[in-house]
Amino acid sequence: MLAAERREKITEFLHQYGSVEVEELAKDLNVSTMTIRRDLLKLQKDGKIERCHGGAVIKQEVTYIDKQTSYRKEKIAIAEKCVEYVESGNTVFLDAGTTTYEIARKIIEIPDILVVTNDLEIAQLLKNSQVELFLCGGYVQKSTGSMFDRYATQMLKDFKFDIGFFGAASINDQFEVMTPTVDKMWLKRETPKQCRKVYLAVDGSKFGRQAMSKINCLSDYTGIVTEKIFSGEEEEYLKKMGANIIEITR
């Protein structure tokens with residue numbers, strides 16, 4: 001296998017699992033650990049990954065179109081559950097993402113609500129509806145249609161929300177919520193603190209994946225709305241950490 005093919009395989013593994021280990025890659029690709037370390041160094045220099053102890057984590061985010069088409073049925077079911085918590089007169093924050101986009105589609109008919117979002121696609125969806133809309137400014141990540149950075153985070157500091165819905169790129173084995181983008185970390189970490197009730201809306205594919213930057217933990221949310229089925233051991237761990245899992249049927 002040529003070096004370029006091998007690095008493409010490594011990137012595919014990272015997109016699928018969120019993180020990889022040197023020893024595991026060496027075994028799977030039938031090369032030495034030294035070769036894998038050189039490959040990871042090259043991918044890091046190209047800005048595609050972030051090295052970590054013993055391996056690497058994904059750095060580039062999946063595009064909006066790819067996110068929108070994956071696990072769509074689960075996202076719609078999650079959105080249907082989330083909308084049950086929204087009431088007329090609420091001020092709602094919708095985090096950028098395709099699951100929150102499905103939530104936006106469901107809340108259009110709820111009267112007298114104000115939606116604040118940092119997602120261009122959600123704003124486009126709601127701009128011709130009866131929903132009052134406030135679009136948070138900042139740097140635009142074109143691949144995902146989201147706005148973030150210190151300007152966006154600073155702008156949101158003056159807001160208080162009745163309810164907020166957030167997505168996640170990754171939730172690791174310790175049930176920490178992660179993001180591959182450092183700049184997004186601050187907005188996703190601080191804005192939930194300004195919500196009276198805050199929900200994490202995530203499909204099962206986001207669990208068991210590592211990324212570079214920690215946002216917070218599952219226990220920091222009013223509830224986690226997901227279709228994922230947890231093992232008995234996982235349920236016990238989640239109970240001890242104080243996480244409220246709101247399971248939905250697929």
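This is a predicted model: local features need pLDDT of at least 70, side-chain atom pairs count only at pLDDT 80 or more; totals for chains, interfaces and linings use all residues.
Local features need pLDDT of at least 70 and side-chain atom pairs count only at pLDDT 80 or more, while totals for chains, interfaces and linings use all residues. Residues are numbered from 1 along each chain as its sequence is written, and side-chain values use heavy atoms, with hydrogens and water left out. Helices (H or I, at least four residues) and strands (E, at least two) are DSSP runs numbered from the N terminus.

**Sheet**

- Three strands form an open sheet in the order β10-β11-β13, with antiparallel pairing; two strands pair if DSSP finds at least two bridges between them.
- The edge strands, each pairing on one side only, are β10 (170-171) and β13 (213-217).
- Strand β11 (residues 176-179) runs antiparallel to β13 and is joined to β13 by four bridges.
- Glu176 has Cys217 in β13 as its bridge partner.
- Helix α9 (residues 182-190) packs on the sheet and touches β11 and β13, where contact means heavy atoms within 4.5 Å.
- The direction of α9 makes about 15° with that of β13; axes are lines fitted to C-alpha atoms, for helices over the stretch in contact, and angles run from 0 to 180 degrees between N-to-C directions.

**Helices α2 and α3**

- Helix α2 (residues 22-29) packs against helix α3 (residues 33-45) at an angle of about 110°, with the axes 9 Å apart.
- That angle makes α2 roughly perpendicular to α3 (under 35 degrees counts as roughly parallel, over 145 as roughly antiparallel, 65 to 115 as roughly perpendicular and the rest as oblique).
- On the α2 side the contact is made by Val22, Glu23, Leu25, Ala26 and Leu29, and on the α3 side by Thr33, Ile36, Arg37 and Leu40.
- The residues of this contact divide into six nonpolar (Ala, Val, Leu, Ile, Met, Phe, Trp, Tyr, Cys and Pro), two charged (Asp, Glu, Lys and Arg) and one polar (the others, Gly among them).

**Helices α5 and α6**

- The axes of α5 and helix α6 (residues 98-107) come within 8 Å and cross at roughly 50°.
- The two helices α5 and α6 are therefore oblique to each other.
- In α5, Arg72, Lys75, Ile76, Ile78, Ala79, Glu80 and Cys82 meet Thr98, Thr99, Glu102, Ile103, Arg105 and Lys106 of α6.
- The residues of the α5 contact with α6 divide into six charged, five nonpolar and two polar.

**Aromatic pairs**

- The whole structure holds eleven aromatic pairs (rings of Phe, Tyr and Trp, its six-membered ring, with centres within 6.5 Å; planes under 30 degrees apart count as stacked, over 60 as edge-to-face and the rest as tilted).
- One of them is the stacked pair of Tyr85 and Tyr199, at 4.6 Å centre to centre with 15° between the planes.
- Tyr85 lies in the loop between α5 (72-82) and β4 (91-94) and Tyr199 in strand β12 (residues 195-201), so the pair ties together parts that are 114 residues apart in sequence.
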